[in-house]
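Colleague: I would like to learn how to read a model of this kind. Please take the features one at a time.

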Amino acid sequence: MSAGGGTKAIIAALVANAGIAAAKFTGFLITGSSSMLAESVHSLADTSNQGLLLLGQKTSQRKATRTHPFGFGRDRYFYSFIVALMLFSLGSVFALYEGIHKISHPEELTSPLVAVGILVVAIGLECYSFYTAIQESKKIKGDAGWWAFIRQAKTPELPVVLLEDAGALLGLIFALAGVGLSVITGDPVWDGIGTVTIGVLLGIIAIILIIEMKSLLIGEGASETDLDVIVDELAAGKVERVIHIRTLYIGPDEMLVAAKLALVPGLETADVAQAIDDAEARVRAKVPTAKLIYLEPDLDRALV
């Protein structure tokens with residue numbers, strides 16, 4: 001997926017979350033619901049997160065420099081990692097704090113029907129954002145399941161938006177349940193319990209994202225499928241065998257391939273150069289993300 005491949009999903013999430021955050025905060029001011037406050041902070045954090053994802057896409061397109069000869073593609077991983085940290089700190093920790101406080105010091109809700117109405121509208125907007133993210137993800141996930149897509153995707157934005165939207169929808173349901181039970185039972189403690197549940201949910205999602213984004217930021221190689229294709233394409237023509245190979249994603253759309261190749265014995269210098277060029281062309285034709293390829297002819301010492 002190109003840098004703009006997830007832009008539609010990000011913008012949809014940004015617009016939805018900005019509107020939802022304003023509506024939820026208004027609902028909190030009217031009702032005093034801690035669930036509404038937690039959800040307001042959650043949506044505010046999500047809105048900021050979409051801005052960071054867009055910033056990462058923009059900065060990653062900077063041209064390579066002498067200091068950064070491989071470019072700035074990993075900016076997208078960095079900002080996605082920051083998003084995960086913000087989701088944990090602004091979303092999860094705040095919700096847990098507010099929920100525990102509300103359970104310890106329960107307060108009656110005022111105008112609870114206002115909160116219910118706002119939450120129902122917010123669910124509709126989040127469904128739109130989530131649907132957009134799903135449709136954009138289907139374009140690149142292929143036959144992989146959704147969990148496998150989140151774990152294996154090299155493009156960070158769509159997995160982040162997918163998990164954020166899924167968490168937002170569940171959080172809204174928990175908030176609605178908390179407010180509803182508070183009204184039905186007359187016990188505002190349920191509002192606090194709903195808020196704590198939101199905090200736990202956001203914490204789980206944030207930890208998943210932190211783990212996945214950290215892995216991408218440190219550096220991941222080609223998938224098993226792509227690696228097999230690369231090796232097969234290298235070991236053709238006048239290449240007898242791939243002696244040694246390393247791959248690394250230096251950005252979501254750019255993979256580095258470095259390998260030592262055992263060539264057919266007795267080749268002239270010009271033939272060696274042509275064999276290397278042909279091997280590079282074969283790999284790029286089958287794996288377009290393999291844009292940086294460094295191949296070294298060497299002796300196959302296993303046969304010496």
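Modeller: Leucine 162 counts as buried because its relative accessibility is 5%; buried means under 20% relative accessible area, exposed over 50%, and partly exposed in between, with a 1.4 Å probe and protein chains only. This is a predicted model, in which local features need pLDDT of at least 70 and side-chain atom pairs count only at pLDDT 80 or more, while totals for chains, interfaces and linings use all residues. Residues are numbered from 1 along each chain as its sequence is written, and side-chain values use heavy atoms, with hydrogens and water left out.

Colleague: Where is the place of leucine 162, and which residues does leucine 162 touch?

Modeller: Leucine 162 sits in helix H6; helices (H or I, at least four residues) and strands (E, at least two) are DSSP runs numbered from the N terminus. Contact means heavy atoms within 4.5 Å. Setting aside residues up to four places away in sequence, leucine 162 touches Phe130, Ala133, Ile134, Ser137, Trp146 and Phe149.

Colleague: Is valine 179 buried or exposed?

Modeller: Valine 179 is buried, with a relative accessible area of 0%. Valine 179 also belongs to helix H6. Apart from neighbours within four places in sequence, its contacts are Ser33, Ser35, Leu109, Pro112, Ala115, Val116, Leu119 and Asp191.

Colleague: What does helix H6 reach from its first C-alpha to its last?

Modeller: The expected span of a helix is 1.5 Å times one less than its number of residues. H6 covers residues 157-185, 29 residues, and reaches 41 Å, close to the 42 Å expected. Just after H6, glycine 186 has a positive phi of about 75°.

Colleague: How many residues has helix H1, and which of them are buried?

Modeller: H1 (residues 7-31) has 25 residues and reaches 35 Å between its end C-alpha atoms, close to the expected 36 Å. Its buried residues include Ala9, Ile10, Ala12, Ala13, Ala16 and Asn17. Helix H2 (34-59), H4 and H6 are among the elements that cover the buried residues of H1. Glycine 32 follows H1, and its phi is positive, near 75°.

Colleague: Is glycine 56 buried or exposed?

Modeller: Glycine 56 lies in H2 and is buried at 0% relative accessible area. Beyond four places in sequence, glycine 56 contacts Asp75, Arg76 and Tyr79.

Colleague: Which residues touch the most other members of the largest nonpolar core?

Modeller: A nonpolar core is a set of buried Ala, Val, Leu, Ile, Met, Phe, Trp, Tyr and Cys residues joined through side-chain atoms within 4.5 Å. The largest one has 62 residues, of which Ile230, Leu234, Leu261 and Leu295 touch the most other members. Isoleucine 230 touches Ile245, Thr247, Met255, Val257, Val283 and Val287, leaving out residues up to four places away in sequence. Leucine 295 lies in strand E3 (residues 290-297) and is buried at 14% relative accessible area. With neighbours within four places set aside, leucine 295 has contacts that include Leu234, Leu261 and Ile276.

Colleague: What is the volume of the largest pocket?

Modeller: Rolling a probe the size of a water molecule over the atoms shows where empty space is left. A pocket is an open set of points on a 1 Å grid over the protein atoms alone where a 1.4 Å probe fits, with protein on both sides within 12 Å along at least five of seven lines; lining residues have an atom within 4 Å of a point. Grid points are joined across faces, edges and corners, and a volume is the space filled by probe spheres set on the points. Here the largest pocket has a volume of about 600 Å³. It is lined by 21 residues, and the closest to its centre are Ile140, Gln152, Ala153, Lys154 and Asp226.

Colleague: Which helix gives the most to the lining of the largest pocket?

Modeller: H5 gives the most, with 4 residues. H4 (112-141), H5 (146-152) and H8 (224-234) each supply at least two residues of that lining.
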